[in-house]
Amino acid sequence: MEVVICRDYDEMSAKAGAAVADVVKAKPKAVLGFATGSSPIGLYKELIRMHKDEGLDFSKCLTFNLDEYCGLSGDHPQSYWYFMHENLFNHINVPKGKVNVPSGTEADHAAFCRAYEEKIAKAGGIDVQVLGIGSDGHIAFNEPTSSLGSRTRMVTLTEQTIDDNARFFEKREDVPRHAISMGVGTVMEAKKCVMVVNGANKAEALAAMVEGPVTSMITASALQWHPDAVVFVDEAASANLKMRDYYLWVQKSKSEA
Ligand code: GLP
């Protein structure tokens, strides 16, 4: 796993945004995997800037989001459908029919999840998957003890995740307890993963993911097995990394090569 330590949130967002944009430039019909949360908002701003200022073209792209809360329809301001349109899709030229966000309102969740997996496979798989990390080390909504081979399915959120995400809702009781989430196995099949991690509250989870054992207790640690995963982190999030100096040395050596 490549770890890129950045000065601050802005540098992290710019570098991660450039990594995603490179995939789109190399393959105009790229299949893009997107994540929600506060961490990738700067990355999305960077993609919007590149679209507006540099003509970065998403018109042939197809997108798949990681997850969605159960019970919230797309017009709910806290739904991930709404979040993605507010923070990205309404500001770039990806055709509306090419956007896929799991639906949290299907009566037959299992059938929907199977169809979502099939749609990703039919598209040829995800070329680049954007990721954040939960404070308990989860990716998408794969909570601790999720199988590292899991596929898209309905999951139950931990109380910690409900607490973490309560800040976006009027009251804690409004946070759904269930979500539809791509599995760890689904994420691992993306050709490239670009993760953004910022803030001191993520320092512990980041160190466990990068330098701890591969374990379903930290589902993001599965990325240690991924052949092309890059993690862009800010100073605060990097505080607990034992190999911090090495990661800085690698980046310095790369830039001087
Ligand atoms: C949710 C999402 C994750 C995201 C995490 C962290 O749990 N399902 O995909 O990585 O929140 O969010 P934030 O970036 O706001 O800390």
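The model is predicted; local features need pLDDT of at least 70, side-chain atom pairs count only at pLDDT 80 or more, and totals for chains, interfaces and linings use all residues. Residues are numbered from 1 along each chain as its sequence is written, and side-chain values use heavy atoms, with hydrogens and water left out.

**View 1. Strand β1 beside strand β10.**
Strand β1 (residues 2–6) and strand β10 (residues 229–234) run parallel and are joined by five bridges. Strands here are DSSP runs of E with at least two residues, helices are runs of H or I with at least four, and both are numbered from the N terminus. Two strands pair if DSSP finds at least two bridges between them. Four of the five residues of β1 are buried, so this strand is largely enclosed by the rest of the structure. Buried means under 20% relative accessible area, exposed over 50%, and partly exposed in between, with a 1.4 Å probe and protein chains only.

**View 2. The open sheet of seven strands.**
The strand order is β1-β10-β9-β6-β2-β3-β5, with parallel pairing. Because β1 and β5 (99–100) stand at the edges with a single partner strand each, one side of each is left without a neighbour in the sheet. Within the sheet, strand β2 (residues 31–34) and strand β6 (residues 128–131) pair in the parallel sense over two bridges. Here G33 stands opposite Q129 in β6.

**View 3. Antiparallel partners of strand β8.**
Strands of a sheet pair through backbone hydrogen bonds, either parallel or antiparallel. Strand β8 (residues 178–181) runs antiparallel to β4, to which three bridges join it. Four bridges join β8 to strand β7 (residues 153–156), again in the antiparallel sense. In β8, I180 is the bridge partner of E68, and A179 is the bridge partner of V155.

**View 4. The aromatic pair of F64 and Y116.**
The structure holds nine aromatic pairs. The rings of F64 and Y116 form an edge-to-face pair, 5.6 Å centre to centre with 85 degrees between the planes. F64 lies in strand β3 (residues 62–65) and Y116 in helix α4 (residues 109–122), so the pair ties together parts that are 52 residues apart in sequence. F64 is buried, at a relative accessible area of 0%, and Y116 also counts as buried, at 4%. Rings of Phe, Tyr and Trp (its six-membered ring) pair if their centres lie within 6.5 Å; planes under 30 degrees apart count as stacked, over 60 as edge-to-face and the rest as tilted.

Y69 and Y80 form a tilted pair, 4.8 Å centre to centre with 45 degrees between the planes. The pair links strand β4 (residues 67–69), which holds Y69, to helix α3 (residues 80–87), which holds Y80; the two residues are 11 apart. Y69 is buried, with a relative accessible area of 2%, as is Y80, with 10%. Together with F141 and F169, these two residues form one aromatic cluster.

The ligand is surrounded by 14 residues, the closest being S38, S39, D67, H138 and K202; a residue is near a molecule if one of its heavy atoms lies within 4 Å of it. A polar side-chain atom of S38 lies 2.7 Å from an oxygen atom of the ligand. An N or O atom in the side chain of D67 is 2.8 Å from a nitrogen atom of the ligand.

Conventions. Polar contact = N/O pair within 3.5 Å; in protein donor to acceptor, adjacent residues only side chain to side chain.
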